[in-house]
Amino acid sequence: DQTTPAANSWLWDFGDGTTSNAEHPSHNFTAPGLYTVTLNVTTQSNCSRSFSDTILVYRTPAPSIQSRDTICVNSAEPIDGILAAADTLTNWQWTFGSGQTSTLQNNVISFTTAGDYVIRLTTSNKIGCNASTTKNIYVAPLPTATPVQDPLTIAVGMGANILMNYTGNIVSYNWLPTTRLNCTDCPAPFANPQYTTKYTVEIEDRYGCRNSGNITIIVVCGKENVFIPNTFSPNGDGRNEVFYPKGTGLFRIKSMRVFNRWGEVVFEKNEFAANDPSVGWNGTFKGKTASPDVYIYTMEILCENNTIIP
């Protein structure tokens, strides 16, 4: 009140349904809008007069933070500001707890370190009315998949379980390529690739965080794949009657020759299957049973992975 001469009674009407008899009252308007405030005063001489003025009450911004409660490390995530009532003149001030700040309403933020973070948003309008809000988020570390042994070596025609060390609460597995795996959505599939193959497992944890791991399976073919007897007895008793190669992962025998001790070829055959006694040497030479002796052989074996064993 600035009435002259001084008044001795006052009646304030704030235009929002509330009044006061104080000389210099304080009043909080609970809703934005244009209010007509009227002061009625009376002097000691019982003279009265009133005066009215308008007050424009701005809305104090009421912000909230919209984001996931748990996000993944190094993943770009939207973190947006929302107002209870729209205001085109709002200023935005963010701190994300990681040293990052922003003055935009909507942001895309990534965190490089896992842990708990407090996001704070402060909004203000053009006359300085401001309000703040916070939100706690958890930045989860990425799940990991590390091979127990890399590379893993197997013989052609054989196989092995792919063993990985996993971290994180993993809910899904996806193996690529799918070639010669007994399952593609399990943690440790059995693999028997024909050729050297690099497998990748894509994993996802319960927070939706994704990562991958790799392992190379080297497929070899060598003497460990082949069994060639050093003795056979073609005597008609039905046992050990034929000299022939056996093994696993063998595509075909490109050539096999048997020599006597003087270097004479007593048996020769090309391009035939392994593990087949019908194509081996039955111990005859020129239509007669060869004499018991020491013989020398040479073979060239083609494996399933295109490796040649000489």
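A residue is called buried when its relative accessible area is under 20%, exposed when over 50%, and partly exposed in between, as found with a 1.4 Å probe on protein chains only. The model is predicted, so that local features need pLDDT of at least 70 and side-chain atom pairs count only at pLDDT 80 or more, while totals for chains, interfaces and linings use all residues. Residues are numbered from 1 along each chain as its sequence is written, and side-chain values use heavy atoms, with hydrogens and water left out.

Side chains of opposite charge can pair when their charged atoms come close. The structure holds 8 salt bridges, a salt bridge being a side-chain nitrogen of Lys or Arg within 4 Å of a carboxyl oxygen of Asp or Glu. One of them joins the side chains of Lys135 and Asp69, at 3.4 Å from N to O. Lys135 belongs to strand β12 (residues 130-140) and Asp69 to the loop between β5 (63-66) and β6 (70-72), so this pair ties together parts that are 66 residues apart in sequence; strands here are DSSP runs (E, at least two residues), numbered from the N terminus. Lys135 is buried, at a relative accessible area of 16%, whereas Asp69 is exposed, at 51%.

Another salt bridge brings together the side chains of Arg261 and Asp293, at 2.4 Å from N to O. Arg261 sits in the loop between β23 (250-259) and β24 (265-272), and Asp293 in the loop between β26 (288-289) and β27 (296-303), so the parts they tie together are 32 residues apart in sequence. Arg261 is exposed, with 51% relative accessibility, and Asp293 is partly exposed, with 34%.

Technical notes:
Helices (H or I, at least four residues) and strands (E, at least two) are DSSP runs, numbered from the N terminus.
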